[in-house]
Structures are given as C-alpha cells and as structure tokens.
Amino acid sequence: MPSVELRIPPDPAYVGLARLVVAQAARQAGVPQDRVEDVKIAVDEALANAVRGQAALGSSAPIDLAFGATDLGFEVVVRALEGPATDADSADQPGPDLLDPKLSLTLIEGLTDDMSYEPEGGTVSLRFVIGLG
Amino acid sequence: VELTLEHRTQGDVTVLDVGGEVDVYTAPKLREKLVELVSDGHYNIVVDMTKVEFLDSTGLGVLVGGLKRVRSHNGGLELVCNQERILKIFRITGLTKVFPIHDTLEEALS
C-alpha cells in the first residue's frame, strides 16, 4: 500500500493541486520525467472522474488518494464514492460536452503500466502503477 | 497556471489561442468561449494549442463539443499542436481521426 495519503474536497479547483503534489512525489521516487507527465494525466483523470461522479450524486464526501513507491513501482490509489458517471450503464448517455465517461479509464489504462478499478460497497478504488526508472 | 484564451480573425478563419492548463476546473471557460464564437457566427475555427501545458479528457470533450457545434453550421474546427505529450492524449483516445491536427498555424491556415 502506498505510504502517503492525501484527502481533497470533491471540487475541481483542488484537482490541479493534487496532481502537482503527486507528480512531485513521483519525481522524487525516481519516475523518469516523461512518465511523470503520464502520472499527472492519470491522477487528473482519476480525480476528475471522482469529482464528476460525486457532483452527480450531490455528495460532498472527500476523495482519498494514496501514493508512493512500492514493490510494483510508483503506485496511486484514488478512492471515492461510486458515482453515476463511472457507471457502465450510463456510458451511452454522455452530457452535452462530455465524451463517454469511460474515456478517463481508457486514458489511464493507456498511460500506466497496470490499472484496476474496483467497486466495493458504494465506493470505488482506482489503482494504477507506473514503473520506476 | 490558469487558462488563457484569445481570438482573432484571419480572413474567414477564426484563430483561438489557448494557453495554460485545460482540465476539469478550467475547461468550462474554453467551452463558454467556443459557444460564444459559434453564437457570433464564427464557424471556421482553428484552435492553436501551442501554448497548452496540460490537457485532459474534459478538455477533449469540450473540443469535440465545439466541433459538433461548428459542423452543425457546415463549418470546421482544426487544431494546431506540436507537443508530443498532448498529441499522445489524442492518439490514445483515437481523436487523431476526428480532428485535423497541424504542426503549425501557417499549415492550418494554408
């Protein structure tokens, strides 16, 4: 389990701050600079998805991140309430300017070395890993 | 880094210069700008993303929304982007097949 934890409100204004914090941690952990950019985008996508999901639920529950170097590489876990934006059943009904909600997951999957998405009892944990060095 | 948006007209094309970060926080401003341009009759738009430092799927969604709007007026929306880290996002999502993407503004306007 990653060693650093961060909790943010489900507010788009905090997404940029969180991705910068995680990117700096990735840099310090030895993730190559070009992959640090991948970490930034993957973290942003995971958080943006969580923020949208919780907004759709009308929830102000915080979003939890855990990140850091593990045996697998640089690992990030984002945990939030499971919102309708991440529900596969709603994927065919994007909003006026939103693509398929699965697009965030497609991006994370394309940018990271391993990704899992685990709903559990009303919350969802999105975990991904980027290799070190 | 905030989002910067400036537009100008060159012939019958409107160039929208976008700079900074386009994410879930700032993308609504880009959306408003594109809606405003189309409402004002700008149907041929080139979005110059040369100064964009960060782009996520929310920004992609706004660009697709802009494309749909101009196409409904028989217009077009093309992009200028030469940064590998941004182009990578378009490639992974398959949007390189949706948007004409140019290396330079001159190429987009030619």
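**Sheet architecture of chain B**

In this predicted model, strand β3(B), helix α2 (residues 57-71) of chain B and strand β4(B) build a right-handed β-α-β unit. Right-handed means that, with the strands pointing away from the viewer, the path from the first strand over the helix to the second runs clockwise. Helices (H or I, at least four residues) and strands (E, at least two) are DSSP runs, numbered from the N terminus. The chain then crosses from β4(B) through helix α3 (residues 84-93) of chain B to β5(B), and this crossover is right-handed.

β3 (residues 44-55) and β4 (residues 76-80) of chain B run parallel, joined by five bridges. Strands count as paired if DSSP finds at least two bridges between them. Asp48(B) has Val80(B) as its bridge partner in β4(B). Val80(B) is also partnered with His102(B) in β5(B). Two bridges link β4(B) to β5 (residues 101-102) of chain B, again in the parallel sense.

The open sheet has five strands, ordered β1-β2-β3-β4-β5 (chain B), with mixed pairing. β1 (4-10) and β5 of chain B each have a single partner strand, so one side of each lacks a neighbour in the sheet. Helix α1 (residues 27-39) of chain B packs on the sheet and touches β1, β2 (13-22), β3 and β4 of chain B (contact: heavy atoms within 4.5 Å). The direction of α1(B) makes about 170 degrees with that of β2(B). Axes are lines fitted to C-alpha atoms, for helices over the stretch in contact, and angles run from 0 to 180 degrees between N-to-C directions.

Residues are numbered from 1 along each chain as its sequence is written, and chains are lettered from A and ligands numbered from 1 in the order written. Local features need pLDDT of at least 70, side-chain atom pairs count only at pLDDT 80 or more, and totals for chains, interfaces and linings use all residues; side-chain values use heavy atoms, without hydrogens and water.
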